[in-house]
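Dear colleague,

I am handing over the structure we discussed. It is shown just below, and my notes on it follow.

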Amino acid sequence: MKPVTVFLNYSGAEHTKETVKNFLSTGLVEKIFLLGSAPSLKAVEGCELIDCGSAISKKAVEIMAGRSESDFTVYLLQDSPISLGQFALERFREATVSAGASFVYSDYFEVRQGAVNAHPTIEYQSGSLRDDFNFGALIFINTSILKKAVSLYTEEEYNSAGWYSLRLKLTALAAPFRIQEFLYTKLETDTRKSGEKLFDYVDPRNRNYQIEMEKAVTAYLKHINGYLAPSFRKPDLKSGDFKSEASVIIPVKNRKGTVGDAIKSVLSQKTSFDYNLIVCDNYSTDGTTEIIAEIAKGDKRLIHHIPERKDLGIGGCWNAAAHHPECGRFAVQLDSDDIYKDETTLQKIVDKFYEEEVACVIGSYQMTDFDLNEIPPGIIDHKEWTPDNGRNNALRINGLGAPRAYFTPLLREYNFPNVSYGEDYAVVLRFSREYQIGRIYEPVYMCRRWSGNSDSELSVEAVNKHNFYKDKVRTLELNARLRLNAKK
């Protein structure tokens with residue numbers, strides 16, 4: 001028997017015939033199965049059709065495990081043209097055996113709008129739990145581990161989370177391995193910029209998908225003893241001596257076009273308590289500093305803080321503001337691009353701390369363009385953050401909502417990492433390990449998307465860098481939770 005069985009995501013497209021020929025020409029493929037949904041399935045010479053609905057469903061992966069009799073199983077996740085590189089399958093096989101891996105993936109070339117570009121992937125970590133981790137299109141699996149994985153623990157039927165659940169199970173049995181070589185070429189059909197893809201994971205239209213993914217990661221965390229039951233510490237919200245009940249914190253560098261709007265949004269808040277605004281101006285050079293200084297002349301609530309250090313990212317600016325002697329009992333976030341929805345936002349946030357006795361509060365926001373016209377996906381409410389399971393599901397998703405607010409004594413204890421991406425995600429995960437996170441599900445914040453956003457159009461390398469860092473944050477947090485549970 002030849003060493004490889006192939007399962008292709010299939011919708012009846014003509015390009016599948018060329019992909020099939022490409023695999024058969026290697027001489028290593030015993031059989032090819034086409035996974036899809038009738039009636040779109042059309043016979044392809046040399047292949048067997050399998051009507052399984054979604055190719056990433058639980059049914060599909062169970063069929064794959066049951067039908068593969070070769071030592072190795074290739075699983076094509078995407079229905080797009082694939083061209084194998086020189087001795088690609090041989091290289092995948094060698095790496096799987098040498099590494100003792102559950103599965104192997106590689107870098108690849110992608111054809112985007114007629115141009116061929118290198119697309120590196122990133123290393124998989126124990127904290128790489130997000131369901132949108134990019135393995136590329138081709139997964140090379142050790143079949144014996146595949147068969148063990150599908151029955152590792154029992155779950156309900158999944159239409160969309162079959163592959164996600166399977167790869168979590170595979171990693172529980174043996175580590176995956178990344179080949180840092182470009183072993184195939186695929187056609188990229190999603191040509192959107194990075195900023196346009198950023199909120200796919202919280203699009204309300206994908207709610208059923210999100211529910212399945214949450215169930216899958218929760219089952220996995222319980223299996224590895226990384227799950228945290230819904231039991232929380234209560235913060236003493238009256239502790240500490242503060243001049244103000246709340247401080248809004250705006251870290252800023254070179255945002256002359258938006259910082260004035262953000263500041264005015266804060267100073268227009270109507271509250272039953274005293275509050276101030278700390279703008280941490282990170283050595284702006286475009287006129288931002290002058291705008292802040294001018295507004296500060298007319299309102300003593302605005303504290304224009306220029307830190308002594310010149311090595312600060314956004315997280316470092318947050319730390320400088322949170323440790324400022326004028327920082328209030330609660331530190332509340334506002335990005336320099338954005339504004340609060342109306343004058344009641346700050347009051348609602350502070351009220352939530354006391355109503356639910358929480359250490360951190362996260363609101364909901366409305367996506368708009370620069371002129372505050374609503375844009376898709378509209379309202380982002382992060383309903384996946386539930387009181388009982390939010391902190392477990394937080395290990396799967398790539399962001400936790402806005403605006404965020406923190407009980408200052410704890411924030412001063414934990415501190416932000418001094419980076420400019422993922423700093424907020426890291427500190428909320430740390431809070432959630434011990435404390436409940438309060439949620440406001442109505443929009444209280446306007447998130448303005450425009451060409452000047454720092455994440456509007458990132459290169460593959462920049463996206464990978466950001467994702468790798470957040471995976472590293474998840475790895476640290478997961479390890480902490482595993483140690484915490486081991487002591488119980």
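Strand pairing, cores and surface

Strand 15 (residues 360-368) and strand 17 run antiparallel and are joined by three bridges. Please keep in mind that this is a predicted model. In that pairing, I362 stands opposite R404 of strand 17. Strand 17 (residues 404-407) also has strand 13 (residues 330-333) as an antiparallel partner, again through three bridges. Here A331 is the residue opposite Y406.

Strand 17 is covered on both faces: R404 and Y406 are buried on one side, A405 and F407 on the other. In general, side chains in a regular strand alternate between the two faces of the sheet.

Y406 and F407 also turn up among the contacts of F431. Leaving aside residues up to four places away in sequence, F431 touches A359, C360, Y406, F407, L410, L411, Y414 and I437. F431 belongs to the largest nonpolar core, which has 107 residues; F431 and I263 are the members that touch the most others. Helix 14 (residues 423-434) supplies the largest share of this core, six residues. A second, separate core has 31 residues, including L41, F72, A95 and L183.

How much of helix 14 is buried? The count is 11 of its 12 residues, so the helix is largely enclosed by the rest of the structure.

Strand 8 (residues 138-142) is mostly covered, with five of its five residues buried. L138, F140 and N142 lie on one side, and I139 and I141 on the other. Strand 8 runs antiparallel to strand 4 (residues 72-76), and five bridges join the two. Within this pair, Y75 stands opposite I139. Strand 6 is also antiparallel to strand 8, with two bridges between them, and V104 stands opposite F140.

Why is F109 classed as partly exposed? Its relative accessibility is 31%, and the partly exposed class lies between the buried limit of under 20% and the exposed limit of over 50%. In soluble globular proteins, nonpolar side chains tend to be buried together.

Best regards

Key
Residues are numbered from 1 along each chain as its sequence is written. This is a predicted model: local features need pLDDT of at least 70, side-chain atom pairs count only at pLDDT 80 or more; totals for chains, interfaces and linings use all residues. Side-chain values use heavy atoms; hydrogens and water are left out. A nonpolar core is a set of buried Ala, Val, Leu, Ile, Met, Phe, Trp, Tyr and Cys residues joined through side-chain atoms within 4.5 Å. Buried means under 20% relative accessible area, exposed over 50%, partly exposed in between (1.4 Å probe, protein chains only). Helices (H or I, at least four residues) and strands (E, at least two) are DSSP runs, numbered from the N terminus. Contact means heavy atoms within 4.5 Å. Two strands pair if DSSP finds at least two bridges between them.
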